[in-house]
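I opened my notebook to record, entry by entry, what I looked up in this structure.

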Amino acid sequence: MKRSLSLKEIYMLFPKQGISMRRRFFLFLITCLTAMIAIFLLLLSLFGVLNPADSKLEHSLTQQLDYSFDRINRNMEQLAAYAVEFSQEITKQINAINLPFTLFRNNPEVLTALQYSAYTTVLNHMRLADCSGAFFMLNTTVNDGLEDTYYSGIYLKYANIGSDMTFQNSVCMFRGNSQVARHNNINLFSTWEYETKKNTFPQMEEVLTQLESNPCKGYLLTAAYQLPDAWEHVRFLCTPIADDKGNIIGVCGFELSDPFFEAQYCVSDAEYPSMVCAMLEQDNGVYTGQIARNQSGYIPPLKGTISVKSNDNFFYFGDESISLIGKMKYINIGSSPHIVAVMLPESQYDACIRVGQYKALALFLIVTLLTILTSIELSQRYVKPLLKSMEKIKEKQFDHNAHIPEINDLFAFLAEQDRINETAFDAMRRENADMQTSNEFPK
Amino acid sequence: MKKLLYLFLIELMLCLVLAGCSGKTMLDPDDPVTLTIWHVYGSQTSSPMNDMIDEFNRTSGKDMGIFVKVEMVTDSDEIDNVLAANLNEEPGAYELPDLFVAYPRIVEKFGDDALLDFSVHFSKEELSAYRSDFLAEGYFGEKLFMLPIAKSSELIFVNKTIFDRFSTDTGITADCFNHVETLMAACNAYYDWSQGQTMFQIDDFYHYFLANMTGLNSEFVIDGKINFDSDAFERVFTPIAEAAIYGSLCVGDGYASDRWKTGEIIGSAGSTAGILYMRDYVTYYDNTTEDIETLVLPYPCLEGSKATVVQRGGGLFAVKNEDERKNQAAVIFAKWLTEKEHNIAFVTNAGYLPVTNQALQSLFTNISSVENEKYRMLYSAVNEQYENGYQFCFLPIFDGALDMQKNFEKLIKSTLSNAHQEYIRRIQNGENRDTVMEELTASALASVREALN
């Protein structure tokens, strides 16, 4: 009958020779060395020299920056494409009136008629593009007898200042003829005006005087402005409207409000929930811009102008109230230069580094403790028997089961020597006895 | 020694593992909790509520680790719609905010356990500081789901500059605004004087009916149904119907503040909060503007009835969160906002009334402390309503109240608008004005009654 062997029986089958002294010494030496390295690393991490969190954070910021940059670049190109089409549509509608553009000035009937016909174009492009509003503004007015200069046109916005502009959101008129709004059953924005006053959006107006009249080449993205008498900041992607002779007669495009930007470029699925994406502009060393939402929902309350300082691998962004740390990249949208930045509050960056430091400290502490314990264990199991065997040698008790081959050999050697010595001693003793006998009984 | 070392090592590892697993239960300034809010104060214009939130974030919020983030500023109807879309799990619906401002009618849309019960987090002493009738509106059974943060009443805004011109020519004085009947007669006179302009807009016909039927000692809503068969209903309906059919009372969509901007109306009855949107100039068709003066007057009542006005204004709701830190933060923010000085600062910039007894008393005993003259006029008119013995009524709460209110508004506007078109057509055909008016008023009432039946 077959019987299976137990683990204990298998173990007992192995010869009990033990580990050689060389190996024991080598093992002990390695453990001691590991303990020393662990202590060294522990000290390095304690003083902040060694912290893997730093490079991990840098990598994460770089990755997010690349992603946000590509996304903004792609979206702006798409928006520019819609703006070009929008511009061409408005040009067609102006041409359809069949009146020289100069005769539009001080002509409320013609401008109202144009707004009635262009309303659907503005609304459709607004619905089509990823934006919070759409507008066209012509270099003409219903009344140039007023003290200020005005531009006629329609500017529609989504009515709710919410984060998501696409769901159940009605449209309202920010600039334009109120009768056109009534006709299309939409409300006027709280700070509605009939026409846009000169210098309300200076960068938008620059398009009216630029040389490039081709909408495909002449587009730009403005800096962020505060809407007059409102709490909202907006920026515009603008492209020129040209007449059939190529003269710039207006500007059209899309609005990107703060809430829209926050939702559109929200940093989600990031390893660091407080990471935010921003789009900034620099003017004489002063930075302004828009900041998107982040995963944690907390947006750094940056107000007004932002200072930017470079330091090694990172940039420091901030105002008087908060400091952020991150990375940035330059981007050109049409003819306007901008900066895409990804950042997180410095306090949270420090907290991440601190957590990384604690983790490394804990890890090295555990490794150090483990290696010290192993050294103690090795010393107990391997060095102590050596010392015991030495004692036994001194006491001439040769234990042949020391489980240390070298000691067993030594014991065997010493026993053999003892045996040889004993034999020699016996021979000498016998020789001595023989000599005494021959002296007492001479032949 | 050896055992001790092993024990130490195991404990150390356990500590590290537990430290990694522990969830946060306390507010921490180094790791702020974010509360999202949807509110109605300010809409697209400068928002006094946003200013208060900014102040909270800069001060107490920063110290305690709370960051309140405004996600939506819109009107109460829109908030109702968007909340309902989420609760009905409609595709593309917004995520629920942590805090929102709405009327009590929204509670029916939420389950029993979805909203935070403020009464658990406020002591009796803290609750007693609030005006009891404001607080009562927020109770649903034993639970306080809606905390009052600002209340409004209704009154009349008049473009005094244009009205004075009309008054000079016609002899009709501002006394016409005292009663509904004289007001509607003045509207018709204005229509003739201005060659076809509407004069007045009532922002909320549901409120108009509620207040005036209450003033006639009748109930507007009985068992969740509009009391349309009563004589009081007809008495309240007739003057506005006649003016609307004539063309002098606006029954178009949107708030009165919209038409105020262009001079398409020169008066409106609506919430005190409307003052935020009543600008001080009018823009005309040729883009010229005219600076105007505003007159704020008490809400009109029917002749011989008890002057009555709706006490309105939503309250703050908090969505109950699994993260206890968010619930704590919501309560802290609510308490901060209703502290006397914060509450007065907020409401006096938004045209509302404060919600604590102390703040309310402080405001009305010292109206002159309100900086803006227009707002001073507003609080004087509200005070006049209090002093002249106005009775206040609240919106009735019942299942389906929200839909009923919306449908009623649409019904009145569409019925009267169609009747006006018919009136114009028949007058142009040479029919007798009085006969047509009488017929159309009767038929409009009949069709409203039929629709409500």
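Entry 1, a proline. I began with A:Pro337 and asked which residues it touches once its neighbours within four places in sequence are left aside, and I found A:Tyr330 and A:Asn332 in contact with it, where contact is given to two residues whose C-beta atoms, placed from the backbone, lie within 7 Å. I noted that A:Pro337 is found in strand β15 of chain A, which covers residues 336-345; strands (E, at least two residues) and helices (H or I, at least four) are DSSP runs, numbered from the N terminus.

I am reading a predicted model, in which local features need pLDDT of at least 70 and side-chain atom pairs count only at pLDDT 80 or more, while totals for chains, interfaces and linings use all residues. Residues are numbered from 1 along each chain as its sequence is written, and chains are lettered from A and ligands numbered from 1 in the order in which they are written.

I looked up helix α2 (residues 21-46) and helix α8 (residues 346-394) of chain A, whose axes come within 8 Å and cross at roughly 160 degrees; axes are lines fitted to C-alpha atoms, for helices over the stretch in contact, and angles run from 0 to 180 degrees between N-to-C directions. α2(A) and α8(A) are therefore roughly antiparallel to each other, a label for angles over 145 degrees. The residues of this contact between α2(A) and α8(A) divide into 18 nonpolar, eight polar and one charged, with Ala, Val, Leu, Ile, Met, Phe, Trp, Tyr, Cys and Pro as nonpolar, Asp, Glu, Lys and Arg as charged, and the others, Gly among them, as polar. Just after α3(A), I found that A:Asn98 takes a positive phi of about 60 degrees.

I recorded nine helices and 15 strands for chain A, and 18 helices and 17 strands for chain B. Buried residues make up 37% of the 443 residues in chain A, and 45% of the 453 residues of chain B count as buried.

Key:
Buried ≥ 20, exposed ≤ 12 C-beta atoms within 10 Å, placed from the backbone. Parallel < 35°, antiparallel > 145°, perpendicular 65-115°, else oblique.
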